[in-house]
Structures are given as structure tokens and as C-alpha cells.
Amino acid sequence: MSDPRTLANAVQAGEQRLHELTDADDVDADTAAAARRLVVEEHADITLDAVSEYGFPAAEATSNIENMIGTIDIPVGVVGPVVINGGAFSGKQYLPLATTEGALLASVNRGCAVLSAAGGAVVRVMKSGMSRAPVFRVDNVVTAKALVEWVRDNVDTLRDAAEGTTSHGELESVTPYAVGRSVYLRFRYDTKDAMGMNMATIATEAACEVVESETDAELIALSGNLCTDKKPAAINAVEGRGRTVTADVTIPRETVINRLHTTPSAVAELNTRKNLIGSAKAGSLGFNAHVANVVAAMFLATGQDEAQVVEGANAITTAELRDDDLYVSVSIASLEVGTVGGGTTLPAQAEALDMLGIRGGGTPPGSNADGLAECIAAGALAGELSLLSALASRNLSTAHADLGR
């Protein structure tokens with residue numbers, strides 16, 4: 001049954017049969033994708049010509065998507081080159097951004113030029129660690145206290161169980177939180193160059209088996225939302241998740257005036273009133289202008305988990321006068337990135353990582369993922385600098401009218 005149309009005819013019996021037949025071992029991935037398209041085209045009375053045009057064997061995406069029918073193209077551009085003075089990544093580099101938002105790359109590109117003119121962005125990964133937090137049920141606060149104490153006394157035992165599931169990940173800490181009859185254990189791992197969510201989940205499951213066998217606690221869910229994954233969370237803003245990375249630059253006054261058409265004092269005041277006071281009044285967890293724009297665009301370009309842009313937008317932008325010059329920083333608390341596994345193995349995304357020179361595992365382990373985090377932070381700094389300056393000079397609407405409509 002290798003012909004897509006023959007297969008499509010066979011799957012008309014129902015959705016469940018569609019999945020069963022197109023996922024069969026004797027049907028290749030491209031044939032299965034074509035059969036699914038034919039069924040969807042007939043159901044919706046449309047053609048999927050653009051979706052059907054993809055430049056790699058569908059089998060290469062088997063671990064990335066189920067029920068594949070094709071791909072959707074997103075334009076990819078570059079900004080820079082920008083000078084990055086990082087702890088893991090240093091040099092002049094073009095940054096790949098994938099987006100459909102007009103004017104975004106033009107704005108970030110302007111920021112990159114100003115960063116380079118000022119000597120480049122200085123970037124450092126402050127800490128790293130992927131977390132998973134299961135929730136256990138106990139009888140009462142007495143047994144909750146007992147579980148908390150047992151965990152604190154047996155971290156090495158939990159470490160042995162967790163690290164026995166992986167040749168790369170290392171358990172850094174286990175932090176217990178008790179709420180009534182619920183006890184949450186926030187496991188934190190060094191996952192090297194992998195983003196590490198799957199690694200952390202599998203390792204934590206093994207550790208949870210030890211907890212259940214050695215205590216009276218009952219595991220309710222392997223994820224109790226104290227991790228916290230793909231949701232805004234103050235714990236990530238405080239404790240971090242993935243990479244916690246900061247980028248800064250000091251821009252000479254004349255460069256601000258000549259290249260950004262505003263003044264250091266105007267940018268500093270704007271940042272305070274917009275990003276700090278305005279965000280506080282709104283109850284925002286992100287005290288920045290549009291860090292998510294660069295995070296999302298680089299996530300899509302390099303094969304990251306796009307839903308984790310939620311945590312990546314958890315950033316604080318500062319701007320202040322330094323003598324007569326302008327100091328600007330961006331601190332991203334929870335940037336979850338990797339250069340191995342997941343979407344990084346897809347052909348286009350792998351090329352984007354090759355463009356940065358940080359594809360695959362680094363030497364030492366973790367250095368490539370650190371380098372990617374530093375590149376994203378430098379791009380975010382460029383984007384913040386450019387947008388704040390456009391607002392300070394009242395040129396934002398003009399730029400969007402010219403480039404983004």
C-alpha cells in the first residue's frame with residue numbers, strides 16, 4: 001500500500017483508522033504524509049500545494065511531529081554582524097531570526113550596529129539548570145515535614161537514581177516545598193548542551209520511584225507546575241530555569257545622539273517609566289520592551305521549543321546614565337535552549353546553528369548551549385536598545401508605517 005491515493009482511500013473509514021494505517025511500519029513517512037494531505041484536502045475541499053512542498057524527507061521529522069502533512073515556511077533573515085564578548089561565545093556574528101513581523105529585523109539590525117560601534121555586547125551565562133517538580137500526596141503536615149526532612153537527608157540517593165537514567169545529565173539540587181498535604185520536590189539538573197526537558201523528566205521519574213519506595217508519600221503527578229514549564233511563573237524569574245543570562249553595553253553619548261537620534265537621559269527615563277514602573281503597575285513578569293520578539297525569532301530559526309518563549313520573555317531591561325554615556329542591560333532569567341536534540345536536528349534549523357558555529361555538543365559540555373543563550377541575549381539587547389530609542393525619538397510609528405504594513 002505504497003501509493004498515497006490508495007492509502008488515502010483506505011483511511012476514509014475514520015480518523016482512528018487514518019492514524020493506524022499511516023503510522024504502519026510498512027508505509028514510508030512521505031507516503032503517509034501525502035495520504036493525510038489527500039484526506040484533509042477532500043474533507044476541507046482545498047488544495048495544500050504550499051504545505052506539500054518541503055525540502056527534506058519526512059522521516060527526518062519523525063521525532064518532532066506526529067501526523068505530518070507537510071511544512072509551513074517562515075521567512076528567515078539575519079541581523080548583524082554584531083560583536084559579542086561572551087563567556088562561551090566571542091566574535092563578530094550574524095544572528096538568524098525567523099519571523100513574519102515586518103520591521104523587526106530592521107530594528108534589531110540597527111541595534112546590532114550600535115552595539116558593535118560601542119565595542120560589542122558583553123554577555124555572561126550566570127547559571128544554568130533545567131527543573132522538574134513532581135507533586136506528592138501525604139497524610140498531614142507531620143508527614144509532610146517528615147518527607148521534607150527525608151529528602152534533605154537523601155539527596156545522594158536521589159542523585160544516584162536520577163543520574164542512572166542518563167549519561168549526560170547531573171542532578172544539582174532537590175528543593176522541597178510543602179503546601180498542606182501536597183509536597184513538591186523541585187529537581188534541578190545540569191543538562192549540558194541539551195535543553196533537557198525530556199532528560200529531566202525521565203531522571204525525575206526514577207528518583208520519584210525511590211521516594212515512593214522509601215517513604216509513605218504517593219506520587220500524584222510527575223509535573224506539579226512548580227517547575228515551571230511553558231507558563232509565566234515568578235519562581236523562574238527568581239530561581240531561573242534553563243540558562244540565566246545577562247548582556248550589557250555602555251554606549252558613548254555621541255553614538256546615541258548620532259546613531260539613535262536621541263539622548264542617554266531620554267532613553268534612561270523612558271526605560272524607567274515604561275519597562276520598570278509601567279510593567280510593575282501592570283503586574284507583568286517581564287520588565288522589558290519586546291525581548292520575546294528576538295527570543296521567538298531565534299527559537300524558530302534554531303529549532304528550540306517555541307512554547308518556552310513564555311519563560312524566555314521573563315527578562316528585565318535596565319538603562320541608566322554612566323557619566324554622560326548610556327548603560328543598557330538585559331537579564332533573561334529563564335532561557336531554555338539546547339544545541340542537541342529536538343528541533344535542532346531538522347535540516348534548516350541545523351544550518352542556522354551551523355551559521356553560529358554552535359551545532360551539537362560543545363567542548364566542554366554545555367558550552368554550545370551557553371553560546372546560543374549568549375547570542376540570543378545579545379540580540380535581545382540590540383532589540384531593546386533600538387525600540388527604546390525609537391520610542392524616545394518618537395520614530396516608532398514611522399518605522400512600522402514604512403516597513404511593517
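**View 1. Helices α8, α12 and α14 at the largest pocket.** Three helices, α8 (197-214), α12 (291-302) and α14 (347-356), each put at least two residues into the lining of the largest pocket. The biggest share comes from α14, which gives six residues. Keep in mind that this is a predicted model.

**View 2. Inside the largest pocket.** Here we look at the space itself, which comes to about 1500 Å³. In total, 48 residues line this pocket, and those nearest its centre are N64, G303, G343, L346 and Q349. Sorted by class, the lining of the largest pocket holds 24 nonpolar residues, 16 polar ones and eight charged ones.

View 3. Rolling a probe the size of a water molecule over the atoms shows where empty space is left. For this model, the count is one cavity of 30 Å³ or more. The largest cavity has about 60 Å³ of space. Around it sit 14 lining residues, with G129, M130, T191, G242 and R243 nearest the centre.

**View 4. What surrounds the largest cavity.** Strands β3 (121-132), β6 (182-190) and β8 (242-251) are the elements that give two or more residues to the lining of the largest cavity. Of the elements, β3 gives the most, with three residues. Two domains meet the cavity in this view: domain 2 (76-128 + 233-404) and domain 3 (134-221) each provide at least three residues of its lining. As for class, the lining of the largest cavity splits into six nonpolar, four polar and four charged residues.

Definitions and conventions:
Residues numbered from 1 in each chain as written. Predicted model: local features only at pLDDT ≥ 70, side-chain atom pairs only at ≥ 80, totals over all residues. Heavy atoms only, no water. 1 Å grid on protein atoms, 1.4 Å probe; cavity = no way out; pocket = protein on both sides within 12 Å on 5 of 7 lines; lining within 4 Å. Points joined across faces, edges and corners; volume = space filled by probe spheres on them. Helix = DSSP H or I, 4+ residues; strand = E, 2+ residues; numbered from the N terminus. Nonpolar A, V, L, I, M, F, W, Y, C, P; charged D, E, K, R; others polar. Domains from an automatic or database assignment.
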